[in-house]
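Please open the model in a viewer and keep the sequence panel at hand.

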Amino acid sequence: MNASIGGMTLCDYFSAADDQAAVAVLQSPGGPGRAELDVLLLKNIDPVVAITQLEAIMTGCSCEEASERPRSGRLLSSSEDGPSFVLSLSDILFDALLTATQDDLVHFAELWSKTDELRQIRVGAEVAADVLKGLAGLAQRARASGQRLYCWWAL
């Protein structure tokens, strides 16, 4: 899936077997899509701020609590790996994406689209819902194959 969100920052969300396999995408020019992984191609959906806000909305906690959870936006790669980097997504968000109904996703998207982060990049509720549905689908496929969720971030 390729959501049409303007901007230059590429934030491709993908699934991989483990942290080592996720970081290995940095060796593939073009990121996880070129590494033939299951990927959701996005632009400007920041894996630290925007995804933490999403997790807070979906789980009913504060952004601070969501950001302190294990694996939440954790940098897995180093500067030696190049200009792109890989971050993990929290297991709590992963579970929330798996258990949300389509109606839940639409509701969460409405709330998420009202955050400063999404308003600044002009992402409305409809596009946010498409993004959430894409992330939920990615999570479902990852669970079926025993994988976790990650983000490849290229400036």
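Begin by selecting Glu36, which counts as exposed because its relative accessibility is 74%, above the 50% cut-off for that class. The model is a predicted one. Glu36 is placed in the loop between helix 1 and strand 2. Its backbone deserves attention: phi of Glu36 is near 60°, a positive value in a residue other than glycine.

Remain in this loop and select Gly33, which also lies between helix 1 (19–23) and strand 2. Gly33 is partly exposed, with a relative accessible area of 39%. Gly33 and Thr52 are separated by 19 residues in sequence and by 24 Å in space, C-alpha to C-alpha.

Next, select Asn44, in the loop between strand 2 and helix 2. Asn44 has a positive phi, near 70°, and is a residue other than glycine. Is Asn44 buried or exposed? Asn44 counts as buried, because its relative accessibility is 16%, and the cut-off for buried is under 20%.

Strand 3 is joined to strand 4 (residues 85–88) by two bridges, and the two strands run antiparallel. Select Arg74 to find Ser88 of strand 4 standing opposite. Select Leu75 in turn, and the residue opposite is Leu87 in strand 4.

From Leu87, continue across to strand 5, where Cys151 stands opposite Leu87. Four bridges join strand 4 to strand 5, and these strands are likewise antiparallel in direction. Cys151 also leads onward, for Tyr13 stands opposite Cys151 in strand 5. Strand 1 (residues 10–16) and strand 5 are joined by seven bridges and run antiparallel.

How many of its seven residues are buried? Six of them are, and strand 5 is thus described as mostly covered.

**An aromatic pair**

Select Phe85 and Trp153 together and show their side chains. The count for the model comes to two aromatic pairs. Phe85 and Trp153 form a tilted aromatic pair, at 5.2 Å centre to centre and with 50° between the planes. This pair links distant parts of the chain: Phe85 belongs to strand 4 and Trp153 to strand 5 (residues 148–154), 68 residues apart. The two residues are also bridge partners, Trp153 being the partner of Phe85 in strand 5.

Their accessibility can be considered in turn. Trp153 is buried, because its relative accessible area is 14%, and the limit for buried is under 20%. Phe85 is partly exposed, with a relative accessible area of 21%.

**The helices**

Two packed helices are described by the angle between their axes and the distance between the axes. Helix 2 (residues 49–59) and helix 5 (residues 102–113) pack at an angle of about 130°, with their axes 10 Å apart. That angle makes helix 2 oblique to helix 5. The crossing of the two helices, helix 2 and helix 5, is right-handed.

To see which residues meet at this crossing, show the side chains on both helices. Helix 2 contributes Ala50, Ile51, Gln53, Leu54, Ile57 and Met58, and these meet Leu105, Phe108, Leu111 and Trp112 in helix 5.

Definitions and conventions. Residues numbered from 1 in each chain as written. Predicted model: local features only at pLDDT ≥ 70, side-chain atom pairs only at ≥ 80, totals over all residues. Heavy atoms only, no water. Pairing = 2+ DSSP bridges. Phe/Tyr/Trp six-rings, centres within 6.5 Å; stacked < 30°, edge-to-face > 60°. Buried < 20%, exposed > 50% of the residue type's maximum accessible area, 1.4 Å probe, protein only. Axes fitted to C-alpha atoms, helices over the stretch in contact; angles between N-to-C directions. Parallel < 35°, antiparallel > 145°, perpendicular 65-115°, else oblique. Left-handed = near helix turned anticlockwise from the far one by under 90°. Contact = heavy atoms within 4.5 Å.
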